[in-house]
Amino acid sequence: MKARLRWTALPAAAAALAAALLANHAAGRYVSRFAERWPALGDDLVLNLLPRWDLTPVFVWGFAAFLVFVFSVGLAFERRRAAYILWMYA
């Protein structure tokens with residue numbers, strides 16, 4: 001059963017990748033044609049319609065919170081691998 005699963009996994013993954021690439025290409029063509037018709041909206045269809053916010057604190061403090069979470073979970077549940085976790089993010 002394992003060999004059959006491995007045999008079908010590669011074609012399924014390749015088909016999923018091809019479908020994703022085709023969808024990405026189609027979406028890019030649609031947005032490019034949309035921007036040609038209405039140049040006042042600019043190059044990006046979605047980002048120009050959203051309000052602009054400064055997300056610098058979210059990225060800085062979010063990463064710091066993620067590191068605290070990883071280290072605390074590592075110390076709580078995987079004390080033997082704590083050195084590996086510290087070296088991984090060093």
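Helices are DSSP runs of H or I with at least four residues, strands are runs of E with at least two, and both are numbered from the N terminus. Phe66, for example, lies in helix α2. This is a predicted model, in which local features need pLDDT of at least 70, side-chain atom pairs count only at pLDDT 80 or more, and totals for chains, interfaces and linings use all residues. Residues are numbered from 1 along each chain as its sequence is written, and side-chain values use heavy atoms, with hydrogens and water left out.

**The chain as a whole**

- The protein chain has 3 helices and 0 strands, and its elements run α-α-α from the N terminus on.
- Of its 90 residues, 8% count as buried; buried means under 20% relative accessible area, exposed over 50%, and partly exposed in between (1.4 Å probe, protein chains only).
- The protein chain exposes about 8,500 Å², of which carbon and sulfur atoms supply 71%; accessible areas come from the Shrake-Rupley method with a 1.4 Å probe, and for residues only the protein chains shown count as cover.

**Helix α2**

- Helix α2 takes in residues 56–77, which is 22 residues.
- From first C-alpha to last, α2 reaches 31 Å, close to the 32 Å expected at 1.5 Å a residue; the expected span is 1.5 Å times one less than the number of residues.
- Leu67, Val70 and Gly74 are the buried residues of α2.
- These residues lie on the same side of α2 because they cover an arc of only 65° around the axis, the arc being that of the directions from the helix axis to the C-beta atoms.
- Their cover includes α3 (82–88), where contact means heavy atoms within 4.5 Å.
- The face turned away from the buried side carries the exposed residues Val58, Trp61, Val68, Phe69, Ala76 and Phe77.

- Phe66 counts as partly exposed because its relative accessibility is 38%.
- Leu75 is also found in helix α2, and at 43% relative accessibility Leu75 counts as partly exposed.
- Leu75 and Ile85 are 10 residues apart in sequence and 9.3 Å apart in space, C-alpha to C-alpha.
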